[in-house]
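Morning, everyone. I have one structure to go through today, and I will keep it short.

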Amino acid sequence: MPSWNPWHGCKKISEGCRHCYVYRQDERYGVEIHSSIVRKNKSSFDLPLKRKRDKTYKLSTGQTIFTCFTSDFFIKEADEWRKQAWAMIRQRNDLRFLIFTKRVDRIYDCIPEDWADGYENVMVSCSVENQAMANYRLPILLRLPIRHKAIIVAPMLEKMDISSYLNSDIKEVVVGGESGVNARICDYLWVLDIRRQCIENDIPFIFHQTGARFLKDGRLYNIRRNEQEAQAKKACIDT
């Protein structure tokens, strides 16, 4: 799935950020600017409007675009650029933009004037990693004027009860463990319990990745990064 990162860099705000993959990637590639400094990606900022030599768009019609995955779309430091980003999203209504965020408490102040109950081509997925963040962020998500809402439980750090937040506004729930050498354990029983909650509330469930340290049937597995998604799919528990 193609991605569009109009800005890069993020500030850690909760426990799920402790081993942020953006920070790990920047260290791996020797990025000189610290990952906590948010900066505009000048070369790819206008990617949705870029065209190939034959004048067709580089991002072709019908694609789902992972949006701002090396930052947070609603981070305060990007306020000066977001209006332009929204304009491109509005113009490319033939694409579906998927936005993950931990900053649901900023969304209402960041939506464009013509937003109404949300753009048809935008899905906002609220990220929660533990019960405390679920109890804080998900009530805010449910109150917001967003046409397509989803929940991503990742990195899943403990057993969680999100059943009271699973109403018809939620399009799907995605679950994943933590990746990286310092990853914290993801217990398969926690994953199955979220799945049960989704089934009972008729919400689609997706097991996205196991994480690097995956506990199943009393055994702890160390799973390589390139195998974590495949191992999750092998469980065959998506609904």
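This is a predicted model: local features need pLDDT of at least 70, side-chain atom pairs count only at pLDDT 80 or more; totals for chains, interfaces and linings use all residues.

I start with helix α1, residues 21–28. Its buried residues are Val-22, Tyr-23 and Asp-26. They cover an arc of only 100° around the axis, which puts them on the same side of α1. The face turned away from that buried side carries Glu-27 and Arg-28, both exposed. As for what covers the buried residues of α1, β2 and β3 are included. After the helix comes Gly-30, with a positive phi near 65°.

Now helix α2, which runs over residues 79–91. It has 13 residues and reaches 19 Å from its first C-alpha to its last, close to the 18 Å expected at 1.5 Å a residue. Which residues of α2 are buried? They are Trp-81, Arg-82, Ala-85, Trp-86, Met-88 and Ile-89. Looking down the axis of α2, these fall within an arc of 160°, so they line one face of the helix. Glu-80 and Lys-83, on the other side of α2, are exposed.

Last, the second largest pocket, which holds about 160 Å³ of space. Its lining consists of Lys-83, Trp-86, Ala-87, Arg-90, Ile-111, Pro-112, Glu-113 and Asp-114. By class, that lining has four nonpolar residues, four charged and no polar ones. Two of the names have come up already: Lys-83 and Trp-86 are among the lining residues, with Lys-83 exposed and Trp-86 buried.

That is what I have; questions are welcome.

Conventions
Residues are numbered from 1 along each chain as its sequence is written. Side-chain values use heavy atoms; hydrogens and water are left out. Helices (H or I, at least four residues) and strands (E, at least two) are DSSP runs, numbered from the N terminus. The expected span of a helix is 1.5 Å times one less than its number of residues. Buried means under 20% relative accessible area, exposed over 50%, partly exposed in between (1.4 Å probe, protein chains only). The arc is that of the directions from the helix axis to the C-beta atoms. On a 1 Å grid over the protein atoms alone, a cavity is a set of points where a 1.4 Å probe fits but cannot get out, and a pocket is an open set with protein on both sides within 12 Å along at least five of seven lines; lining residues have an atom within 4 Å of a point. Grid points are joined across faces, edges and corners, and a volume is the space filled by probe spheres set on the points. Ala, Val, Leu, Ile, Met, Phe, Trp, Tyr, Cys and Pro count as nonpolar, Asp, Glu, Lys and Arg as charged, and the others, Gly among them, as polar. Contact means heavy atoms within 4.5 Å.
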